[in-house]
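Subject: Structure handover

Hello,

Here is the structure I promised you. Please open it alongside this message; my notes follow below.

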Amino acid sequence: ISRMERMPLNKALLTLVGLLSWCWVMEAFDLGMIGQVVAVLKKIWDLDASTLGLLGSCSTAGVVIGTASAGFLTDRFGRKRILLWGVFIFTFFTLIGSLYENLAWIVTMRFIGGLGAGAVFPLPYLMLSEIAPAKHRGILVCICNAILTASYLLPTLCGSWAINNFSLDVAWRVPFIVGGLPIVTIYFLHRWLPESPRWLMRRGRHDEVRQLVERLEKSAGIEHDDTFINPDVLRSLEQAAAAERTRTGASWKALFRAPYLSRSLVSWSMYSAGLITWYVVMVYVPTILTTYGFQLSNSVILTGCMMVIGGAGSVVIGPLADKYGRKPIWSLYVIITIISLFLLTSTDSIPMLLFIGSFVAFFGTGIMPVCKVYIAEQYPTELRGVGTGFGEAVSRVVGGVLATYYLAFFLSFGGVKGVFTFMAVAFAIAIIALWIWGQETARRSVEDTSAAPQK
């Protein structure tokens with residue numbers, strides 16, 4: 001661990017970021033296409049608000065179950081194995097989702113695909129938190145997440161192209177087909193993606209860890225030194241070992257006992273608030289923009305542009321959060337988002353709507369990588385899979401399933417202003433919880449942040 005923590009940025013680490021980012025790119029296409037699919041099917045099938053809510057949230061329901069289950073599975077069978085199975089499931093069931101023009105079939109395939117997507121969701125940032133040095137952990141997760149966020153432009157471009165070049169009865173199938181084709185890349189992920197070294201060490205597979213560390217050192221031009229020990233890392237490991245001796249076992253029940261209960265509640269509230277903004281942009285912005293007079297194909301493109309802007313926000317927040325801390329930088333992003341949301345409720349000008357909306361996209365969706373890495377930093381290695389998986393599940397129930405379903409009714413009866421006000425309240429609750437109960441985790445090893453008492 002000492003040798004991994006001293007690692008500078010190098011080609012091997014960036015390759016790892018690229019491989020994990022590709023998993024998220026595939027997932028982004030799979031989940032991001034639902035916005036235009038909802039908009040198209042609403043038009044050709046005349047779907048009501050309840051059906052729209054079901055279609056918009058069915059894959060997220062699968063994601064919730066998938067993330068909750070994957071947490072236990074990754075701690076037992078390994079991060080890499082569950083990641084590969086998850087990619088296979090969501091690409092395969094996305095591909096066959098295009099076969100029948102039947103709402104029940106589509107909802108079922110989206111739900112099963114969501115199970116696989118849920119297994120994948122927490123693993124890139126979980127694996128990076130267990131491989132990347134503490135001083136680079138935030139920026140690497142943010143780069144990965146920025147690629148994820150910007151990748152939501154791909155399904156919108158695909159959807160817009162399909163809408164402009166095919167009949168609507170065919171256009172909704174095209175994203176399903178395109179989203180399933182990357183199933184062939186699983187072979188390359190299996191060959192090149194390493195297993196988490198911290199998970200391997202927990203299983204006593206030290207030779208595999210040594211080979212990975214030496215490969216990273218070779219890429220960075222660092223001499224192999226089996227005797228190198230960082231005193232701070234040693235202290236953190238001794239503290240973690242002492243804490244482990246007092247625990248009765250690593251299970252999901254530990255999430256509801258000190259010191260993890262308060263940490264879990266804080267990180268869940270942060271992630272839930274961020275997901276509400278994310279799902280509003282991804283699922284409902286195309287429909288919202290059509291109410292302002294935009295053509296359907298143009299509203300889909302603008303939604304993709306907002307996701308690209310959010311990707312830029314993700315890149316910027318990374319080095320800031322590593323240097324100045326997770327709490328102050330995340331809070332700054334949230335405060336700017338809240339102000340922007342209230343400004344949106346008081347304007348009817350389309351230029352101002354797009355201008356202020358870009359701030360919501362940059363800061364509101366740009367917070368997501370800090371939400372993700374913050375969850376992974378709260379738990380020890382033997383509990384990290386369960387903790388991140390359970391955190392993803394709870395957050396997506398609140399910010400994905402429930403919010404996505406009921407936002408359809410807010411939009412129908414309360415209008416756009418009601419939606420934005422609800423988002424601002426969710427952010428306010430999260431920022432208060434963070435400053436009262438949250439700990440600062442920047443520039444600290446995951447052994448240190450998981451073992452230290454709550455501050």
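Predicted model: local features only at pLDDT ≥ 70, side-chain atom pairs only at ≥ 80, totals over all residues.

Leaving aside residues up to four places away in sequence, Ile309 touches Ser358, Ala361 and Phe362. I also looked at Leu353, which sits 44 residues from Ile309 along the chain. The C-alpha atoms of Ile309 and Leu353 are separated by 15 Å.

Phe362 leads on to the aromatic rings. Ring pairs link Phe362 with Tyr333, Phe355, Phe359 and Phe363 into a cluster. The structure holds 18 aromatic pairs. A pair of aromatic rings is described by the distance of the centres and the angle of the planes. Two pairs are set out here.

Start with Trp45 and Trp172. Their rings are edge-to-face, 6.3 Å centre to centre, with 65° between the planes. Trp45 belongs to helix H3 (residues 34-45). Trp172 is in the loop between helix H10 (168-171) and helix H11 (174-180). The pair therefore ties together parts that are 127 residues apart in sequence. Trp172 counts as buried, at 1% relative accessibility.

Phe92 is partly exposed, with a relative accessible area of 32%.

Now the helix packing. Helix H5 (residues 79-95) packs on helix H7 (residues 123-131) at an angle of about 160°. Their axes are 11 Å apart. That angle makes H5 roughly antiparallel to H7, because angles over 145 degrees fall in that class. H5 passes H7 in a left-handed crossing. From H5, the contact takes in Arg79, Ile82 and Leu83. These meet Leu123, Leu126, Met127 and Glu130 of H7. By class, the residues of this contact are 5 nonpolar, no polar and 2 charged.

Helix H2 (residues 11-32) and helix H6 (residues 103-120) pack at an angle of about 150°, with axes 11 Å apart. H2 is therefore roughly antiparallel to H6. The crossing of H2 and H6 is left-handed. On the H2 side, the contact is made by Cys23, Trp24, Glu27, Asp30 and Leu31. H6 brings Arg110, Ala117, Gly118 and Val120. The contact of H2 with H6 has 5 nonpolar, 1 polar and 3 charged residues.

Last, two backbone points. Most residues other than glycine have a negative phi, and most peptide bonds are trans. Which residues are joined by a cis peptide bond? Ala258 and Pro259 are, with omega at about 0°. Pro259 is found in the loop between helix H15 (231-245) and helix H16 (260-291). Arg443 has a positive phi, near 65°, and is a residue other than glycine. Arg443 lies in the loop between helix H21 (381-437) and helix H22 (446-451).

Best wishes

Technical notes:
Residues numbered from 1 in each chain as written. Heavy atoms only, no water. Axes fitted to C-alpha atoms, helices over the stretch in contact; angles between N-to-C directions. Helix = DSSP H or I, 4+ residues; strand = E, 2+ residues; numbered from the N terminus. Parallel < 35°, antiparallel > 145°, perpendicular 65-115°, else oblique. Left-handed = near helix turned anticlockwise from the far one by under 90°. Contact = heavy atoms within 4.5 Å. Nonpolar A, V, L, I, M, F, W, Y, C, P; charged D, E, K, R; others polar. Phe/Tyr/Trp six-rings, centres within 6.5 Å; stacked < 30°, edge-to-face > 60°. Buried < 20%, exposed > 50% of the residue type's maximum accessible area, 1.4 Å probe, protein only.
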